[in-house]
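Please keep the sequence and the structure in view while reading.

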Amino acid sequence: KWWSMWISGNSACYFSDRRLKDLKEEYLTPSLATITPLVVYKYRFNEKKLLVQKQTELEKRLSEEFKNEKDKKKIDKVRQERLTEIKQEAKKMSEVDHVGFIAQDVQKVFPEEVITDEQGYLCIKETFIEKFVYTLFLSIKELDRLIQNLTVKIDELIEQYKEQNSRLDEIEQRLDRIERRRIKLKRSERE
């Protein structure tokens, strides 16, 4: 994405200046409802399945890359080199825990962010992370609004409680006075 990034000094940045953009509309999505179904998993890749997938991909790339090549030994040498790399990478990926989403889950929420490769495996596009970050940001704003609304509601309930407590105190005081009068009246009737 060289067109959207500028390297300056020791850091890379993405163009985000308002003056460089034609704003269409504010990006709003029902954020919490969107991300709630997503589950973050801890997982390891299945080495054998990963190898089969990568080998199939390798064969396709080799046939495209060397479609005019007549020297089979050269093709076999490249195949073996890349296959060794693939095996090492598959082994490494299967030995380490990863954290992330499952494409099938993402597809339910952001169908435009999931594609199917030539072998039928689902892949999450790189653009998903960008969209997810913005949706997560909007979810935080949504939670903040909910918290503010709940805070106002709690404050109102506390005031109602105080008022009712005060009225209850008044009623108890009146009952006490009535009870004292009743007792006083009973005594005076006895005398």
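A pocket is defined on a 1 Å grid over the protein atoms alone, as an open set of points where a 1.4 Å probe fits, with protein on both sides within 12 Å along at least five of seven lines. Grid points are joined across faces, edges and corners, and a volume is the space filled by probe spheres set on the points. By these terms, the second largest pocket has a volume of about 930 Å³. The model is predicted: local features need pLDDT of at least 70, side-chain atom pairs count only at pLDDT 80 or more, and totals for chains, interfaces and linings use all residues. Residues are numbered from 1 along each chain as its sequence is written, and side-chain values use heavy atoms, with hydrogens and water left out.

**Second largest pocket**

- Lining residues have an atom within 4 Å of a point.
- The second largest pocket is lined by 25 residues, and Phe45, Leu50, Tyr121, Leu122 and Cys123 are the closest to its centre.
- Helix 2 (47-65), helix 4 (103-109), strand 6 (122-124) and helix 5 (127-190) are the elements that each give two or more residues to this lining.
- Helix 2 gives the most, with five residues.
- The lining of the second largest pocket holds 13 nonpolar, five polar and seven charged residues (nonpolar: Ala, Val, Leu, Ile, Met, Phe, Trp, Tyr, Cys and Pro; charged: Asp, Glu, Lys and Arg; polar: the others, Gly among them).

**Overall fold**

- The protein has five helices and six strands (DSSP runs numbered from the N terminus: H or I of at least four residues for helices, E of at least two for strands).
- From the N terminus on, the order of elements is β-β-α-β-α-α-β-α-β-β-α.
- Of the 191 residues, 16% are buried (under 20% relative accessible area; exposed is over 50%, partly exposed in between; 1.4 Å probe, protein chains only).
- The protein exposes about 16,500 Å², and carbon and sulfur atoms supply 55% of it (Shrake-Rupley method, 1.4 Å probe).
- Among contacts between residues at least 6 apart in sequence, 62% join residues at least 24 apart (contact: heavy atoms within 4.5 Å).

**Salt bridges within helices**

- The whole structure has 16 salt bridges (a side-chain nitrogen of Lys or Arg within 4 Å of a carboxyl oxygen of Asp or Glu).
- In one of them, the closest N and O atoms of Glu57 and Lys54 are 4.0 Å apart.
- Glu57 and Lys54 are about one helical turn apart, because they lie three residues from each other in helix 2.
- Glu57 is partly exposed at 23% relative accessible area, and Lys54 is partly exposed at 31%.
- Glu159 and Lys162 also form a salt bridge, with their closest N and O atoms 3.9 Å apart.
- These two sit three residues apart in helix 5, so about one helical turn separates Glu159 and Lys162.
- Glu159 is partly exposed at 42% relative accessibility, as is Lys162 at 49%.

- Which side chains meet in a salt bridge at 3.6 Å, N to O? They are those of Glu113 and Lys131.
- Glu113 lies in the loop between helix 4 and strand 5 (114-116), and Lys131 lies in helix 5, 18 residues apart, so the pair links distant parts of the chain.
- Glu113 is buried at 6% relative accessibility, whereas Lys131 is partly exposed at 22%.
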